[in-house]
Amino acid sequence: MPYTPPALPAGLREAEAQAAYLMEDGFLEVPPGSLAEKLKNKEHLRVKFGVDPTAAAVTWGWSVPLRRLRRFQELGHTAVLIIGDYTAQVGDPSGKSQTRRRLDGSEVERYIEACTAALLEILSPERLEVRRNSEWLGRMGMQETLELASQVTVAQLLERDDFRKRHTAHEPISMIEFMYPLLQGYDSVAVEADVELGGTDQQFNFMLARTLQQRAGQAPQACLCAPLLVGTDGKKKMSQSYGNFIGVAETPEEIFGKAMSIPDEAMEQYVRLALDLPGADKENMLQNNGGVALKRALAKSMAAMFHGADAAERAEEAFNQRHVRREAPTDMPEGTTTEQYLPKILLELSWASSLSDARRAIEGRGVRLDGEVVEDAHHNVSAGTYTMQLGRRRFYRLTVM
């Protein structure tokens, strides 16, 4: 992923100009004026961004604050990337309407391995500090944990929107969920953060961190909250849990195809948040393109961001081949099998997670052989060579022996 950050614009010598540049595209600063104040008073800021590795991919939604963190680095500040290996096992309740399933340590380690490379592709290796919060949270004894818990009241925690809604609806809230904002807040104390970056759904946690820092004798951090990028459904925030995400490590063809499926009403937000273009170029894109032309411009820019312009061109041609000219790709993977039962073949290809999942895909008319929809969920494939297709984007040339 040859990610290249945007060039710094001219005229960023003053703290106010830098703060305005860092807050572009609707980022929310809390408290107002605190970021410019930090920039005036300290030459090199420590800017914290924490991620809980609860899934395998880095989504475009994550990339919004991550790319803003890269801007801080380009301005000479230190990015403090916190891998929440400890808090991931607790589970972030932000925006959740029910208690979240806890992950075990082995799951978290798998997710860390899967997503760390993509995180580090976006950030510069210079002025970067990578920490795991198990360094400090894992060493806490009962006395220290109780001392941390004593610094906030249940009434304060119930001011948080998701907790308040669940409490009002008489839905369960576990004590460990109440601890999550405290643990995340303590991360800021441990790394002595000057600024914290994240989504607007993290604002309560960020403000709680300020309180903990003050009580620890530290200057409270400024908080910079990114608008939440909606998923490809145009409704819910982008999340792997909802299946509406675009991953930054996906192929340019996958990125282009998913971007083309974004609803029209979400296009402006994607142009403003998903792209690194200067503000004037974003305005031109929005004003001079509409409908499919705007989607193509967006999709091409997104594919180029992590794969380069040539790869984006090839992704557009692959899209045209499959969806405009209705042709199968010429460079699809291929292989052989002795299996004839179609659900088992889908399982072999990792196109399904189970036999029942494979049968559901067939029953949903999502599987084609040589362009023909397979309707029998128990279909047996005769010997021969076939072009297999799942959905719009997955193709495979399979020889059944």
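This is a predicted model: local features need pLDDT of at least 70, side-chain atom pairs count only at pLDDT 80 or more; totals for chains, interfaces and linings use all residues.
Local features need pLDDT of at least 70, side-chain atom pairs count only at pLDDT 80 or more, and totals for chains, interfaces and linings use all residues. Residues are numbered from 1 along each chain as its sequence is written, and side-chain values use heavy atoms, with hydrogens and water left out.

**View 1. Helix α1 crosses helix α2.** Helix α1 spans residues 15–22, and helix α2 spans residues 34–41. Helices are DSSP runs of H or I with at least four residues, numbered from the N terminus; strands are E runs of at least two. The two axes come within 8 Å and cross at roughly 135 degrees. Axes are lines fitted to C-alpha atoms, for helices over the stretch in contact, and angles run from 0 to 180 degrees between N-to-C directions. That angle makes α1 oblique to α2. Angles under 35 degrees count as roughly parallel, over 145 as roughly antiparallel, 65 to 115 as roughly perpendicular and the rest as oblique. From α1, the contact uses A15, E16, Q18, A19 and L22; from α2, it uses L35, A36, L39 and K40. Contact means heavy atoms within 4.5 Å. Six of these residues are nonpolar, one is polar and two are charged. Here Ala, Val, Leu, Ile, Met, Phe, Trp, Tyr, Cys and Pro count as nonpolar, Asp, Glu, Lys and Arg as charged, and the others, Gly among them, as polar.

**View 2. Helix α6 packs against helix α9.** Helix α6 covers residues 142–149, and helix α9 covers residues 175–191. Their axes lie 10 Å apart, at an angle of about 100 degrees. The two helices are therefore roughly perpendicular. T145, L148 and A149 of α6 meet M179, L182, L183 and Y186 of α9. This contact has six nonpolar residues, one polar and no charged.

**View 3. Five strands form an open sheet.** The order is β7-β11-β10-β8-β9, with mixed pairing. Two strands pair if DSSP finds at least two bridges between them. β7 (334–337) and β9 (372–373) stand at the edges, each with a single partner strand, so one side of each has no neighbour in the sheet. Strands β10 (residues 384–390) and β11 (residues 394–400) pair in the antiparallel sense over seven bridges. G384 has V400 in β11 as its bridge partner.

**View 4. Y3 and F306 form a stacked aromatic pair.** The structure holds four aromatic pairs. Rings of Phe, Tyr and Trp (its six-membered ring) pair if their centres lie within 6.5 Å; planes under 30 degrees apart count as stacked, over 60 as edge-to-face and the rest as tilted. For Y3 and F306, the centres are 5.3 Å apart, with 25 degrees between the planes. Y3 sits in the segment before α1, and F306 in helix α14 (residues 291–307), 303 residues apart.
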